[in-house]
Amino acid sequence: MPGTPPTRFVYLGPEGTFAEQALRTVPAAERANRTPARSVGEALESVRVGAADAALVPLENSIGGAVGVTLDELAEGEPLVITREVILPVQFVLATRTGGHLGTVHSVAAHPQASTQCRAWLHAHLPDATVVDVLSNGAAAVGAAAGDVDAAICAPIGAARHRLAVLADKIADHPDAVTRFALFSRPGPPPPPTGDDVTSLAVYIAHDRVGALLSVLMELAVRGVNLSRIESRPTGEALGRYVFFLDCTGHLADARLGEALQGLRRVCAQVRFLGSYPRHRWTGGGGERPASAGPVDADYVDAAAWLARLRSGDLG
């Protein structure tokens with residue numbers, strides 16, 4: 001993050017969840033103040049009003065897809081920018097207060113998404129156990145630590161935080177599942193390009209123009225900008241009105257991406273810049289994104305210089 005490193009971080013709480021685990025992989029956050037928020041909106045608003053320097057919230061999951069509430073906040077709220085992404089393996093554990101064995105487990109606390117992602121394991125190993133829905137993975141660990149239930153499905157950080165014994169680890173039905181988190185700050189210059197970056201945008205197409213979405217995609221394709229992700233969300237204005245969230249390979253400082261942004265500005269009703277930031281170096285299943293193909297940035301710099309020479313009368 002350019003300028004003064006952030007010292008006040010907020011994340012989607014409560015404590016002992018995957019969001020906290022993801023935030024603690026950020027070197028600056030490990031040495032700073034970390035505060036849980038009750039919701040995505042609360043976390044992002046704390047940055048907007050200056051109560052925190054940065055907020056880490058989930059953006060998408062390889063099983064459940066995009067996190068709609070985060071996208072809605074980015075589309076409607078005061079502008080924020082992504083300065084970093086974190087891709088975290090979603091590895092659930094079954095943890096208890098007393099240890100023991102699976103035969104002693106008759107009730108399990110779990111967030112509904114967690115129990116859904118561990119359905120096959122529960123059916124195979126605890127078919128008669130009662131699953132108690134709770135509000136978060138952290139709350140599941142708290143319930144097991146308090147003795148309200150026999151066990152919890154939670155994140156490894158939650159089991160460690162509440163001194164629970166792990167009866168089984170990696171119990172998710174999809175072992176390669178990952179969640180992508182984004183670290184947001186108030187608008188400012190993006191981190192310098194690394195040569196392996198992502199640029200995120202929110203694009204509002206011109207609904208009265210035939211082929212508006214195709215025009216958006218062509219602005220990227222003709223310049224060799226790789227589109228690694230596209231999501232749509234309703235704007236709330238009327239049925240059929242959508243905002244499109246794009247992830248592109250490249251950095252705001254790159255010549256070809258700069259050209260593409262200018263093109264999008266010309267053909268779109270609105271373009272909201274959501275940040276250029278280093279791509280997370282994730283090599284596991286479920287989170288890997290291909291590198292871009294086609295012309296390199298130097299080709300676009302050379303082409304621009306060639307055009308300038310033509311305009312000056314130099315045909316050499």
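**Exercise 1. Which residue forms a salt bridge with Arg 161, and which parts of the chain does the pair tie together?**

Step 1. Arg 161 forms a salt bridge with Glu 15, and the closest N and O atoms of the two are 3.4 Å apart; a salt bridge is a side-chain nitrogen of Lys or Arg within 4 Å of a carboxyl oxygen of Asp or Glu.

Step 2. Because Arg 161 lies in helix H8 (residues 156–161) and Glu 15 in the loop between E1 and H1, the pair ties together parts that are 146 residues apart in sequence. Helices (H or I, at least four residues) and strands (E, at least two) are DSSP runs, numbered from the N terminus.

Step 3. Arg 161 counts as partly exposed, at 28% relative accessibility, and Glu 15 is partly exposed with a relative accessible area of 43%. Here buried means under 20% relative accessible area, exposed means over 50%, and partly exposed lies in between (1.4 Å probe, protein chains only).

Before going on, note that this is a predicted model, in which local features need pLDDT of at least 70 and side-chain atom pairs count only at pLDDT 80 or more, while totals for chains, interfaces and linings use all residues. Residues are numbered from 1 along each chain as its sequence is written, and side-chain values use heavy atoms, with hydrogens and water left out.

**Exercise 2. Describe the salt bridge of Glu 60 with Arg 229, and find the network to which these residues belong.**

Step 1. Glu 60 and Arg 229 meet through their side chains in a salt bridge of 3.4 Å, taken from N to O. Glu 60 lies in strand E3 and Arg 229 in strand E13 (residues 227–234), so this pair ties together parts that are 169 residues apart in sequence.

Step 2. Glu 60 and Arg 229 are both buried.

Step 3. A network of salt bridges links Glu 60, Glu 85, Arg 180, Arg 229 and Asp 247. For the structure as a whole, the count comes to 16 salt bridges.

**Exercise 3. Is strand E11 covered or uncovered, and which strands are joined to E11 by bridges?**

Step 1. Strand E11 (residues 178–185) is mostly covered, since 8 of its 8 residues are buried.

Step 2. In a regular strand the side chains alternate between the two faces of the sheet. On one side of E11 stand Val 178, Arg 180, Ala 182 and Phe 184, on the other Thr 179, Phe 181, Leu 183 and Ser 185, and all of these are buried, which leaves both faces covered.

Step 3. Strand E3 (residues 54–61) is joined to E11 by 6 bridges, and the two run antiparallel; two strands pair if DSSP finds at least two bridges between them. In this pairing, Asn 61 stands opposite Thr 179 in E11.

Step 4. Strand E5 (residues 81–89) is joined to E11 by 8 bridges, again running antiparallel, and here Ile 87 stands opposite Arg 180 in E11.

**Exercise 4. How many residues has the largest nonpolar core, and which elements give two or more residues to this core?**

Step 1. The largest nonpolar core has 35 residues, and Phe 92, Leu 94, Val 108, Leu 126, Ile 153, Ile 171 and Phe 181 have the most contacts inside it. A nonpolar core is a set of buried Ala, Val, Leu, Ile, Met, Phe, Trp, Tyr and Cys residues joined through side-chain atoms within 4.5 Å.

Step 2. Two or more residues of this core come from each of strand E1 (8–12), helix H1 (18–23), E3, E5, strand E7 (107–110), helix H6 (119–125), strand E9 (151–154) and E11. H1 gives the most to this core, with 4 residues.

Step 3. Leaving aside its neighbours within four places in sequence, Leu 126 is in contact (heavy atoms within 4.5 Å) with Leu 94, Leu 102, Val 105, Val 108 and Trp 121.

Step 4. Apart from this core lies another, of 24 residues, which include Leu 71, Ala 75, Ile 82 and Phe 184.

**Exercise 5. How many disulfides does a search of the whole structure find, and where is the nearest cysteine sulfur to Cys 154?**

Step 1. The search finds 0 disulfides, a disulfide being a pair of cysteine sulfur atoms within 2.5 Å.

Step 2. Cys 154 is in no disulfide, and the nearest cysteine sulfur, that of Cys 118, is 10 Å away. Cys 154 is buried, with a relative accessible area of 0%.
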